[in-house]
Amino acid sequence: MKKMIRISAAYLIFGLVTGLFYHEASYYSGFTGDSVLGLIHSHAFALGTLPFLLLPVLMHIFRLQEQKNFRRFLFLYNAGLVMTLGFMTVRGTVQLFSLPITSFWDHMIGGLSGIGHVILTIGIFFLFRSYISAVQEA
């Protein structure tokens, strides 16, 4: 359970830092449009901090950590979320500073962020499998 709190805290810190970075960088660069960088703050809180704050309660009630799919969830969900947030950060920074990138790199960044979303979804699937198994055992 301590591990879940630490993961939650890591996503909280990342969300706060990226929110501060977006605010300050857009202020100093004079950027006034919309950027993906502005979405990372809320994504980190909603997909990182909140689930891992609630997970210890559910682990205590349902003993989720004893399910074989729980480890798969933990690995895939975090890998997908880190990948998604990482490539969103790259995309947002490119937008914020109007960095010139080729069409190939632009599509690659978007594609890798999309793959991160898919991995995240597969991780959620394993979490639900863990819930179902735990409820059936109870």
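**Ground rules.** I am working with a predicted model, in which local features need pLDDT of at least 70 and side-chain atom pairs count only at pLDDT 80 or more, whereas totals for chains, interfaces and linings use all residues. I number residues from 1 along each chain as its sequence is written, and side-chain values use heavy atoms, with hydrogens and water left out.

**Core.** I looked up the largest nonpolar core and found that it has 25 residues, with Phe52, Leu55, Leu64, Phe70 and Phe73 having the most contacts inside it. Such a core is a set of buried Ala, Val, Leu, Ile, Met, Phe, Trp, Tyr and Cys residues joined through side-chain atoms within 4.5 Å; buried means under 20% relative accessible area, exposed over 50%, and partly exposed in between, with a 1.4 Å probe and protein chains only. I noted that α1 (2-29), α2 (37-62), α3 (68-96) and α4 (103-137) each supply at least two residues of this core, and that α3 gives the most, with 8 residues. The helices here are DSSP runs (H or I, at least four residues), numbered from the N terminus.

I then followed Phe70, which, leaving aside neighbours within four places in sequence, is in contact with Met4, Leu55, Met59, Leu64, Gln65, Leu127 and Ser130; contact means heavy atoms within 4.5 Å.

**α1 with α2.** I found that the axes of α1 and α2 come within 8 Å and cross at roughly 165°, which makes α1 roughly antiparallel to α2. The axes are lines fitted to C-alpha atoms, for helices over the stretch in contact, and the angles run from 0 to 180 degrees between N-to-C directions. Angles under 35 degrees count as roughly parallel, over 145 as roughly antiparallel, 65 to 115 as roughly perpendicular and the rest as oblique. I sorted the residues of the contact of α1 with α2 into 18 nonpolar, 8 polar and no charged, where Ala, Val, Leu, Ile, Met, Phe, Trp, Tyr, Cys and Pro count as nonpolar, Asp, Glu, Lys and Arg as charged, and the others, Gly among them, as polar.

**α2 with α4.** I found α2 and α4 packed at an angle of about 15°, with their axes 12 Å apart, and that makes α2 roughly parallel to α4. On the α2 side I listed Leu47, Leu55, Leu58 and Phe62, and on the α4 side Leu120, Leu127, Tyr131, Ala134 and Val135. By class, I recorded 9 nonpolar residues in the contact of α2 with α4, with no polar and no charged ones.

**Single residues.** I placed Thr84 in helix α3 and noted that Thr84 counts as buried at 1% relative accessibility. Not counting residues up to four places away in sequence, Thr84 touches Ser113, Gly116 and His117. Leu20, which lies in helix α1, is exposed, with a relative accessible area of 52%. I also checked Leu20 against Leu120, and the two are 100 residues apart in sequence and 25 Å apart in space, C-alpha to C-alpha.

**Loops.** In the loop between α2 and α3 I found Arg63, whose phi is near 55°, a positive value in a residue other than glycine; Arg63 is partly exposed, with a relative accessible area of 47%. In the loop between α3 and α4 I found Ser98, with phi near 50°, a positive value in a residue other than glycine, and Ser98 is exposed at a relative accessible area of 57%.
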